[in-house]
Amino acid sequence: MDALPDFDVIRPTSIAEVVAARKAHPDSRMIGGGTDLLVNIRRGIEKPPVLIDTAGLDELKTIEADETGLTVGASVRLVDLATHEGVRRHYPAIAEAAGSIAGPSHRNMGTVGGNIALDTRCIFYNQSEWWRETNNHCLKTELGEMCHVAPKSKGVCFATYSGDLAPAFLLFGGSVDLAGPEGERSVAMNDFFIGYSKQDGSTGDGIVYMAIKPGEMIVRVRATGTPGLNSAYDKVRIRRTIEYPVAGCAAAVRRDGDAIADVRIAFTGTNPRPVLLEGTDALVGKPWDENAQQVVDDLCKDQLMSMKTTFTPGHYRRRVATQMSKRLVGRLFEQPA
Ligand SMILES: Cc1cc2nc3c(=O)[nH]c(=O)nc-3n(C[C@H](O)[C@H](O)[C@H](O)COP(=O)(O)OP(=O)(O)OC[C@H]3O[C@@H](n4cnc5c(N)ncnc54)[C@H](O)[C@@H]3O)c2cc1C
Ligand code: SF4
């Protein structure tokens, strides 16, 4: 690791002060707990001259949770989300996802806003400066001209989104509240993440993966409750105690008699965006049997990428994600409401 370069830190105490600071310093970056950003700065991946610290924003440190809805401020620490009684009771997948992030010290520092806005990752990007320079950089560093993962990619990056919270929020119709120079707005989380990496460039990719405008910050994330929905989160990582996920899966199931009444599955660590699996409504009204599992297999094969952006082969990661989702849905199907 290299030494940290010089930068200034601004410590606002209100959203209005953040927006003003962002306007005054267009090259600035928001910093929550710094558990990811500071690593990237040390590696020379990012060189912001100014950091705007969200730790002083008390108005963004609240959690409201009941069976109808969940609202979480961007400066809430992961440990507080993971241990919140209302979140654990009504949104267990979200509490479990928060409790599975990195290690205890990261969860004491890391924030919800920082986790949602987590940068995408790739073995050719999350390296030291000299390593990246030796490999002539790549598209995501702006100094390179090609993608090493997909050399024929037409300017598109496939770096993987691996934040754990987003898939869990996606189960519950998650949305993101943003504040910026034009005021506040709310965006459905499924529209907020735009890393589809289409070769025609019609959407975002591993470089531009969020629909956030210049000068905007995340202020809150929200979820909507559904009565009778069982939910859970699981992930696979190389070092079980502390590691970004190889793949993570959030699932929610509501059962009616012997049939599935509602099923939702979402992933992280597979694509340049968290993926809310489309087409699971084909399982509604049916039992959780081999046919239903085949449907999940087919949907995952179609929607999860198998690019090698981490140490594990891409197709292995997709198989792990698929197996994990079937295991999770099976468990939730058997669990009493
Ligand atoms: C060893 C190790 C293991 C890790 N394992 C995991 C893991 O298993 N799962 C996982 O999800 N993460 C993991 N992480 C990454 C990180 O610790 C977490 O994602 C954490 O939640 C990031 O939150 P933070 O507040 O520290 O973000 P920061 O590092 O402060 O910021 C991260 C990004 O979010 C932006 N940002 C911060 N706040 C806002 C805001 N309010 N609005 C807009 N943008 C904002 C920053 O500019 C930056 O780009 C790991 C990190 C390390 C070093
Ligand atoms: S996917 Fe390609 S462009 Fe993106 S970070 Fe990896 S090597 Fe770079």
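Modeller: The contacts and surroundings of the two ligands follow.

Modeller: This is a predicted model, in which local features need pLDDT of at least 70, side-chain atom pairs count only at pLDDT 80 or more, and totals for chains, interfaces and linings use all residues. Side-chain values use heavy atoms, without hydrogens and water.

Colleague: Why is the pair formed by D164 and ligand 1 called a polar contact?

Modeller: A polar contact with a ligand is a pair of N or O atoms within 3.5 Å. A polar side-chain atom of D164 lies 2.6 Å from a nitrogen atom of ligand 1, so the pair meets the definition. For N115, a polar side-chain atom is 2.8 Å from an oxygen atom of ligand 1. A polar backbone atom of D36 is 2.9 Å from an oxygen atom of ligand 1.

Colleague: How much of ligand 1 does the protein bury?

Modeller: Taken alone, ligand 1 exposes 970 Å², and the protein buries 94% of that; accessible areas come from the Shrake-Rupley method with a 1.4 Å probe.

Colleague: What makes C122 a residue near ligand 2?

Modeller: A residue is near a molecule if one of its heavy atoms lies within 4 Å of it. The residues that surround ligand 2 include C122, F124, Y125 and H148, so C122 counts as near.

Colleague: Which classes make up the shell around ligand 2?

Modeller: That shell has 10 nonpolar residues, one polar and one charged. Cys, Phe and Tyr are among the types that count as nonpolar, Asp, Glu, Lys and Arg count as charged, and the others, Gly among them, as polar.

Note on methods
Residues numbered from 1 in each chain as written. Chains lettered and ligands numbered in written order. Polar contact = N/O pair within 3.5 Å; in protein donor to acceptor, adjacent residues only side chain to side chain.
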